[in-house]
Amino acid sequence: MRWSVIGWRLASFVVAAGLIALWQVAADQRLVSPVFLPGPDRAWASLMRGFTSGDLLAKLMGTLTHMAYGWLLASIGGVALGAMIGSSKAMRSYVAPTLELLRPLPVSAIIPVAIAALGLSQGMALFVIAFGSVWPMLLGTIHGFAAVEPRLYEVARVLHMSRLAVILKIALPSAAPDILAGMRLSLTVALILAVVCEMLAGLDGLGQWVLLSARAFRSADLFAGVMLLGLIGYVTALAMGAAESRLLRWQAARR
Amino acid sequence: MSVPERIKPVLLPLAALLAFEAWMRLAGVQSDSLAPPSAVALALAGALSDGSLLTATRDTLASAFAGLALGGAIGLVLGIALGLSQIFNRLMEVTIEAVRPIPSVALLPIALIALGFGYRMEIAIVGFACVWPVLIMTRAAVGGIEPRLIEVARVLRLTQLDRVRKIVIPAALPRIFLAFRLAAGIALIVAVTVEIAINPLGLGAGIMTAQQALRPDLMLAYLVWIGVTGFMLNTALMTAQTTLFGRAAVIGDGA
């Protein structure tokens, strides 16, 4: 059983390698102009060169920093606000419908407003990323709090627990799956908004790197940047998935 | 305490708007980023009556839906193929995992040098973003079809094409529609984001122009309008889903 899993995985890697080889052939035969499509060899060389002699590492760190600060700010704010709204029935009936109304708003539309208020600055990027990624966590927390087993609240009342204790010991743990699912969604949003903000405001990061490479028609550098962005998306999703299954292990055991 | 249940949700936004209006008027705030709600409403009415807002909406929705059609079709075909054939699914795994995490806006510069400004570039990026939700959910839906239906198809000696047309698509249709509904939301978000970042077209470009022209009232009017568009699209698709497939399809959202 295990061997067949590994075998399929290997075969799947071979297919991916074959597709990359096809890309190489297409680039070598100049089926597509090399201005648009560099071969994987040139993109790889550009990636390596960017790391050893260029400032690609600094750009990578820039994007990661923007993403991490905005996402962490949104996580703290989203869960705190969500806990406040979700733990009170009155708040839920007054505030939650407004939030549901705002949810389908494409969050990138807030960017011009943020630029007008804060200028083309780091603060603007931080605000936009945090604002955009707060929604999944906020709504996830509210939903999770609303779905807590009512008998747990009854137990808390019998034990005379304070409201804070109820939130920390009962509501937060049982809302954890919804909150973590929201955090995973937010990661993607944070990455996208970080890239857009870097493009618009010229902040140090991969978004600015890929845009400048495209303007200078340096397609190998451009593809190197896109590959790195894909890698960020992949690694952060993987890490979040691992954290999620670890944090929720107690729940899987209970079921 | 005797506030009727139906009025509660309206109170908060109404109070916020009134307080905002009063503060702007009384304090006589002059700002490049804020405008009182009454001025925003006037700007919205103005933009609606001179047709510029409607033209922009048409451009944005046209690109979003063209991208949705393109990406959705690719995702649907691939999803059905991957759902039907375990071998194909396992062989493509690494390739899909490698391409999927690339944030759609990272492709912006590539699309820019390959296709230039305009509809085509925006459609390509929206299409890329829409492939994945449709592919993943169609694959899961097709993979989860009752095996006996497939056996029936085999007994009836249906051709591969008939099998897909008469058994697979009808059986998986509710979840495929759900996938398209989610993808439509993504399409609008990506279209607006592309327009804000770079493409001089549609609502996103309109809001950027208003910001650069230091017209906060018009900018906020665009923001409100974008929100309304997102909300209407979401509501229309939800209604369509409920009437077509009944309530069960909407409740299945969490899956």
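B:R148 counts as exposed, with a relative accessibility of 60%, and its salt-bridge partner is B:E146, with the closest N and O atoms 3.7 Å apart. B:E146 itself, at 42% relative accessibility, counts as partly exposed. As this is a predicted model, the distances and accessibilities given here are values computed from predicted coordinates.

## Salt bridges

Side chains of opposite charge can pair when their charged atoms come close. Over all chains, a search of the whole structure finds 13 salt bridges, and four of them are set out in the table.

| Salt bridge | Closest N and O atoms |
|---|---|
| A:R9 with B:E93 | 3.1 Å |
| A:E149 with A:R151 | 3.6 Å |
| A:R184 with A:E244 | 2.8 Å |
| B:R148 with B:E146 | 3.7 Å |

In the pair formed by A:R184 and A:E244, whose closest N and O atoms are 2.8 Å apart, distant parts of the chain are linked, since A:R184 belongs to helix α8 of chain A and A:E244 to helix α10 (residues 219–247) of chain A, 60 residues apart. A:R184 is partly exposed at 38% relative accessibility, whereas A:E244 is buried at 12%. In the pair of A:E149 and A:R151, A:E149 is partly exposed at 39% and A:R151 is exposed, with a relative accessible area of 61%.

The size of an interface is often given as the accessible area lost when the parts come together. Chain B and chain A bury about 4,100 Å² between them, and 79% of this area is on carbon and sulfur atoms. Of the area that chain B buries against chain A, 15% is supplied by B:L91, B:V94 and B:I113, more than by any other three residues. The contact involves 47 residues of chain B and 45 residues of chain A.

Polar and charged interactions also occur across this contact, with seven residue pairs in polar contact, both residues being at pLDDT 80 or more, and two salt bridges. A:R9, B:E93 and B:E97 are linked in a network of salt bridges, in which A:R9 and B:E93 have their closest N and O atoms 3.1 Å apart. On the side of chain B that touches chain A, at least two residues come from each of α1 (8–27), α4 (86–99), α5 (108–115), α8, α9 and α10 (216–245) of chain B. Sorted by class, that side has 33 nonpolar, eight polar and six charged residues.

A:S12 is buried at 1% relative accessibility, and its contacts, apart from residues up to four places away in sequence, are B:R90, B:L91, B:M92, B:E93 and B:V94.

Helix α5 (residues 110–118) of chain A is mostly covered, with seven of its nine residues buried, namely A:I110, A:I111, A:P112, A:V113, A:A114, A:I115 and A:A116. The cover over these buried residues includes elements of both chains: α6 (122–146) and α8 (163–201) of chain A, together with α8, α9 and α10 of chain B. Just after this helix, A:G119 takes a positive phi of about 80°.

## Interior positions and aromatic pairs

Where does B:N199 lie in chain B? B:N199 is found in the loop between α8 (160–197) and α9 (202–212), and it is buried, with a relative accessible area of 1%. The side chain of B:N199 reaches the backbone oxygen of B:G118 at 2.9 Å, and, leaving out residues up to four places away in sequence, B:N199 touches B:F117, B:G118, B:M121, B:E122, B:V194 and B:A205.

B:L68, in helix α3 (residues 52–84) of chain B, is buried at 9% relative accessibility. Beyond its neighbours within four places in sequence, B:L68 is in contact with residues including B:V126, B:C130, B:F180 and B:A187.

Six aromatic pairs are counted over all chains. B:F128 and B:W132 form one that is edge-to-face, at 5.7 Å centre to centre and with 75° between the planes. These two residues are separated by about one helical turn because they are four residues apart in helix α6 (residues 119–143) of chain B. B:F128 is buried at 18% relative accessibility, and B:W132 is buried at 13%. In chain A, ring pairs link A:F127, A:F131 and A:W135 into a cluster.

Definitions and conventions
Residues numbered from 1 in each chain as written. Chains lettered and ligands numbered in written order. Predicted model: local features only at pLDDT ≥ 70, side-chain atom pairs only at ≥ 80, totals over all residues. Heavy atoms only, no water. Buried < 20%, exposed > 50% of the residue type's maximum accessible area, 1.4 Å probe, protein only. Polar contact = N/O pair within 3.5 Å; in protein donor to acceptor, adjacent residues only side chain to side chain. Contact = heavy atoms within 4.5 Å. Buried area = accessible area lost by both parts, 1.4 Å probe. Salt bridge = Lys/Arg side-chain N within 4 Å of Asp/Glu carboxyl O. Nonpolar A, V, L, I, M, F, W, Y, C, P; charged D, E, K, R; others polar. Phe/Tyr/Trp six-rings, centres within 6.5 Å; stacked < 30°, edge-to-face > 60°.
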